[in-house]
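User: I'd like to talk through a few features of this model. Can you take my questions one at a time?

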Amino acid sequence: MFSLNHRMSKALSEQTTLLIYAAIIGIGGGYGAVGFRGLINYFTYLFFGRIQNEIGTYHGVRTLFVPIIGGLIVGLLVHFFAKEAKGHGVPEVMYAVTKKKGSIRPRVVVIKALASAITIGSGGSVGREGPIVQIGAAWGSTLGRFMRIREHHLKTLVACGAASGIAATFNAPIGGALFAFEVILGNFSMANVSAIVISSVLSAEIGRDYFGNTASFPIPHYHVSGILILLLFAVLGIIGGLYGAAYARTLVFFENLWDRIKSLPEWIKPATGGIIIGTLGFFFPQVLGVGYPSVEKALMAHFDLRMLLILMVLKLFITSITIASGGSGGVFAPGLYQGAMLGGAVGLIFQMLFPSMQISEGVFAAVGMSTVFAGSAHAPITAMIMLFEMTGNYQLILPLMLATVIATTVSTRINRESIYTMKLMKRGFDIIRKRTTDRLSSFLVEEAIHPEKLCLQDTMTLEQAYTKFENSDEWFATVRDKEENLLGSVSKAQILEELRCNHGNGLILSILPKKIGHVSSKATLSEASKIMNQLGLNYLLVIDKNYNQIGVIGSSDIIKCYKE
């Protein structure tokens, strides 16, 4: 296969070859989305005897135990075959792109598809976009590694797979491409545009062939005019931003709560979550599964205020339980659901407060979907464009733009992390820092600290120290006293220079700087570099949170990390 890729690169330009791969990924992602939706309906029919869009009206007794059975199957699948298939999928793709050079295990495609389809099919309150993003990304990664393409192109193909999944699932080719840029890659590099757009377009066309070229959430056309009505949408943006931030924090709270349960094996936890899901679903089946029929009812103004608020709160709770207990599925669709209920409720309240104004609660529900997604995901451009595509109503664009950017602004003031990056931050991986354009600010001192391979005693003479260097391959060594306190660092070149000046009998302490600088292990390399410049030093002692000296960071370590 390497020879095939090599021959293609010889016959065609590198960019053309990449576009061919992007087209293949787009077609595969499109059919993958179609197959995944079919798989969801298969398991839903297997568990409930009806398709996914009909479980919101099911009031049978099997609702009490089906989520438990589904949770048990998912727990076993994830625990024994692919642990990265647990949860909502998008953070794992972001981690693979940023940390693992775009590498995703091929088995994730199969396990994620099965686990998510079973979770959704058995009533779990999750969406299908997270799984299809991870499935499409894994397909792009697998093809890229099979063809042995270069690392930066592999990341592009992973993003192509993610874009194709979103585009086909929601008939949103622009939104799919923007999701890949804004969420998966974290930047809008022109080098990636052509490939991602091609994947998104081809995938969306395949989705249209199977699902039709219609808006995902058609709503009556509503003309928005006047500053006053826009001010009401601005208020909705503030409320949606607050709710989006609360949605992300609630999810993390329940994940931490479930993680603290050590008495149960990991594979059985989804079944325990299924007990709660089944109980709530028995009384309110509208919150089971993806829940799009209920979203459509909110958009068509078929719910009263009481029901809108009940479904919003229950969806928040049951989604958090599904994900936290170990279920597999996305958080985007539940966010849209909650946003529709929130927006519809706000619209109804405004109708009561301002009866003379022609206020459509359905339009507020549609804009509410965008505000909650933007507020939780910190992706305003993707949110406003996707909701425009999913509703097919251009008249919404002004309130969408206004409310969405306000929601994002409010949410980012509360939460530094998005609903996707919070999970990575909990693992200790700061993806926001890693994505910064300043490379020195994207690395911590503890990531670049030079390992202590050669240690010299402060009582050694320079000749003895040079002998130590000669017997090792190191060019730098730390210096410690008899109590093992770290005093500083010396280089082989320093000692050699002293020997040339006939200072061989001098103590190694004599060449240590008079003043020593310190830096926290959690500081960035940019901060460490500034301290070195201010003190006129070429290295600093590194201290941990308890002020223990744990090593040395030198200018050469910073340069090495920057180049890598």
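Predicted model: local features only at pLDDT ≥ 70, side-chain atom pairs only at ≥ 80, totals over all residues.

User: What span does helix H11 reach from its first C-alpha to its last?

Analyst: H11 covers residues 269–283, which is 15 residues. At 1.5 Å a residue, 21 Å is expected. The model comes close to that, with H11 reaching 23 Å.

User: Where do the buried residues of H11 sit, seen down its axis?

Analyst: The buried set includes Pro-270, Gly-274, Ile-277 and Gly-281. Down the axis of H11, the buried residues fall within an arc of 160°, so they line one face of the helix.

User: Which helices do those buried residues of H11 pack against?

Analyst: Lys-269, Ala-271, Gly-273 and Gly-278 are also among the buried residues of H11. The partners they and the other buried residues pack against are H3 (66–81), H10 (227–259) and H13 (305–324).

User: Which helix gives the most to the lining of the largest pocket?

Analyst: That pocket holds about 1200 Å³ of space and has 36 lining residues, with Lys-155 and Phe-443 among those nearest its centre. The lining splits into 10 nonpolar, 13 polar and 13 charged residues. The top contributor, with 5 residues, is H7.

User: Is Ala-204 buried or exposed?

Analyst: Ala-204 lies in helix H9 and touches Ala-167, Ala-168 and Pro-173. The cut-off for buried is under 20% relative accessible area. Ala-204 has 3% relative accessibility, so it counts as buried.

Notes. Residues numbered from 1 in each chain as written. Heavy atoms only, no water. Helix = DSSP H or I, 4+ residues; strand = E, 2+ residues; numbered from the N terminus. Expected span 1.5 Å × (residues − 1). Buried < 20%, exposed > 50% of the residue type's maximum accessible area, 1.4 Å probe, protein only. Arc of directions from axis to C-beta. Contact = heavy atoms within 4.5 Å. 1 Å grid on protein atoms, 1.4 Å probe; cavity = no way out; pocket = protein on both sides within 12 Å on 5 of 7 lines; lining within 4 Å. Points joined across faces, edges and corners; volume = space filled by probe spheres on them. Nonpolar A, V, L, I, M, F, W, Y, C, P; charged D, E, K, R; others polar. Lists of a residue's contacts leave out its neighbours within four places in sequence.
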